[in-house]
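The following questions concern a single protein chain. Please look at the sequence and the model before reading on.

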Amino acid sequence: MTTAIFSDLDIAHKLADAARAAILPYFRNLPEEAENKLADGFDPVTVADRAAEQAMRDILAQHRPDDGILGEEFPNIESRSGRTWVLDPIDGTRGFISGTPTWGVLIALSDKDGPFLGVIDQPYIGERFIGGADIAQMVGPHGTRHLKTRTQANLSEAVLFSTFPEVGSAEEKAQFDKVAASVKLTRYGMDCYAYALLAAGQVDLVIEAGLQAYDIQAPIALIQAAGGVVTNWEGAVAHEGGRVLAAANAEVHAAALAILQDS
């Protein structure tokens with residue numbers, strides 16, 4: 001019997017399919033209250049988060065046993081291959097438990113140079129955004145289309161997204177507010193879907209703080225594949241999370257970065 005050989009893209013689709021199947025029975029139908037992971041604050045996790053990540057880990061154990069796993073809900077698995085799958089089973093759990101369809105499944109494949117394959121999947125509306133060396137596309141109920149970030153370079157015409165109005169610390173919020181005062185429109189609460197919309201050419205900027213590696217590695221690979229730029233607020237790589245600036249192009253990125261760095 002011949003064992004099927006799957007590409008990294010095939011595996012990414014398998015992971016996203018498995019996560020969809022694990023999550024959708026619970027969306028708007030949770031059997032219990034979300035567990036809070038923070039003693040001071042609110043960072044929810046649900047049975048759907050854990051079921052989805054476990055389903056993805058099972059696939060990787062079968063098909064990529066030498067690759068590492070960095071996930072939100074379970075302990076890390078060290079890589080023996082130099083490659084690591086970075087998983088966030090439900091990015092935007094607050095939105096998930098509130099019934100909004102702005103959460104998503106984040107899947108990235110990373111090596112020593114950072115993430116080179118990324119998926120943002122929204123199971124409920126059936127949209128999957130995929131970015132890598134040879135692909136930048138969205139597959140959904142209305143068909144498949146190529147992803148390309150916006151090319152307009154005027155910050156005053158830009159659309160800016162962030163998840164929380166507070167952004168981060170008081171200092172970080174003050175810097176963010178300077179950028180928000182310079183753009184045409186600022187919107188909040190989109191979670192990872194904001195990064196998908198940036199890759200799709202709908203918005204120009206996403207600025208956030210306090211992110212983890214599993215929050216941003218899939219968006220990095222996706223946005224870069226679509227022609228965008230993702231760095232931290234110092235203009236360096238943002239693979240490990242922290243304060244993130246994602247932009248549709250180099251010009252609008254430079255304009256926003258200059259404001260974020262202006263103390």
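Q: How many aromatic pairs does the rule count?
A: The model is a predicted one. Rings are taken as paired if their centres lie within 6.5 Å. By this rule the count of aromatic pairs is six.

Q: Are the rings of F27 and F96 stacked, edge-to-face or tilted?
A: The ring centres of F27 and F96 are 5.3 Å apart, and the limit for a pair is 6.5 Å. Planes under 30 degrees apart would count as stacked and planes over 60 as edge-to-face. The planes of F27 and F96 are at 35°, so the pair is tilted.

Q: How many residues apart in sequence are the parts that the pair of F27 and F96 ties together?
A: F27 lies in the loop between α1 (8-23) and β1 (35-36). F96 is in helix α3. The pair therefore ties together parts whose separation in sequence is 69 residues.

Q: Where is D191 found?
A: D191 is not a glycine, yet its phi is positive, at about 55°. The elements on either side are β11 (185-188) and α5 (193-199). D191 is found in the loop between β11 and α5.

Q: What is the N to O distance in the salt bridge of D66 and R80?
A: The structure holds 14 salt bridges, and one of them joins the side chains of D66 and R80. D66 is in the loop between α2 (47-63) and β3, R80 is in the loop between β3 and β4, and the two are 14 residues apart. The cut-off for a salt bridge is 4 Å. In this pair the N to O distance is 2.8 Å.

Q: What is the area buried between domain 1 and domain 2?
A: Domain 1 covers 8-146 and domain 2 covers 155-261. In contact are 35 residues of domain 1 and 22 residues of domain 2. Carbon and sulfur atoms give 69% of the buried area, which comes to about 2000 Å².

Q: Which three residues supply more than any other three of the area that domain 1 buries against domain 2?
A: Together the three supply 28% of the area that domain 1 buries against domain 2. They are T102, P115 and I120.

Q: How many residue pairs are in polar contact between domain 1 and domain 2?
A: Across this interface the rule finds zero salt bridges. Polar contacts do occur between the two domains, and the count is four residue pairs.

Q: Which element gives the largest share of the side of domain 1 that touches domain 2?
A: That side divides into 17 nonpolar, 11 polar and seven charged residues. Elements that each supply at least two of its residues include β4 (84-91), α3 (93-98) and β5 (104-111). The largest share, eight residues, comes from β6.

Definitions and conventions: Residues are numbered from 1 along each chain as its sequence is written. This is a predicted model: local features need pLDDT of at least 70, side-chain atom pairs count only at pLDDT 80 or more; totals for chains, interfaces and linings use all residues. Side-chain values use heavy atoms; hydrogens and water are left out. Domain bounds come from an automatic or database domain assignment. Contact means heavy atoms within 4.5 Å. Buried area is the accessible area (1.4 Å probe) that two parts lose on being put together, summed over both. A polar contact is a pair of N or O atoms within 3.5 Å; within protein, one must be able to donate a hydrogen and the other to accept it, and residues adjacent in sequence count only if both atoms are side-chain atoms. Helices (H or I, at least four residues) and strands (E, at least two) are DSSP runs, numbered from the N terminus. Ala, Val, Leu, Ile, Met, Phe, Trp, Tyr, Cys and Pro count as nonpolar, Asp, Glu, Lys and Arg as charged, and the others, Gly among them, as polar.
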